[in-house]
Amino acid sequence: MATVEFVKCPTCKQKLALPDYMTVGTLVVCANERCGTSLRIVSRRPLRVEVVPEPETYTVDYRPESYG
Ligand SMILES: [Zn+2]
């Protein structure tokens, strides 16, 4: 069973649970559906994440707030 560590989203302060098998460099998405920021694990001890800038090519198909 994986150990889970918690880290706060730099954007919205949502607490995120990251299993310990996620190594440095792993990309995660904020669990807050209103945020959804792409994050990359940059350190395990202590656990830290940084915001991943959306690639410019990505924005073409990106439709924010299109779910409702
Ligand atoms: Zn967030």
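Start by selecting Val28, whose bridge partner in strand 4 is Leu39. What you see is a predicted model: local features need pLDDT of at least 70, side-chain atom pairs count only at pLDDT 80 or more, and totals for chains, interfaces and linings use all residues. Residues are numbered from 1 along each chain as its sequence is written.

Stay on this pair of strands and select Leu27. The bridge partner of Leu27 in strand 4 is Arg40. Strand 3 and strand 4 (residues 38-44) run antiparallel and are joined by three bridges. Strands here are DSSP runs of E with at least two residues, and helices are runs of H or I with at least four residues, numbered from the N terminus. Two strands pair if DSSP finds at least two bridges between them.

Next, return to Leu39 and look across to strand 5, where Val51 stands opposite Leu39. Strand 4 is joined to strand 5 by five bridges, and the two run antiparallel. Select the turn as well: two residues lie between strand 4 and strand 5, which form a hairpin.

The next stop is Thr37, in the loop between strand 3 and strand 4. Is Thr37 exposed, partly exposed or buried? Thr37 is partly exposed, with 17 other C-beta atoms within 10 Å. A residue is buried with 20 or more other C-beta atoms within 10 Å of its own, exposed with 12 or fewer, and partly exposed in between, C-beta atoms being placed from the backbone.

Which residues are in contact with Thr37, leaving aside its neighbours within four places in sequence? They are Cys9, Thr11, Cys30 and Val51. Contact means that the C-beta atoms, placed from the backbone, lie within 7 Å. To place Thr37 against Glu54, 17 residues apart along the chain, draw a line between their C-alpha atoms: the separation is 8.9 Å.

Finally, zoom out to the chain. It has zero helices and five strands. Of its 68 residues, 6% are buried. Among contacts with a separation of 6 or more, 19% involve residues 24 or more positions apart.

How values were computed: Two residues are in contact if their C-beta atoms, placed from the backbone, lie within 7 Å.
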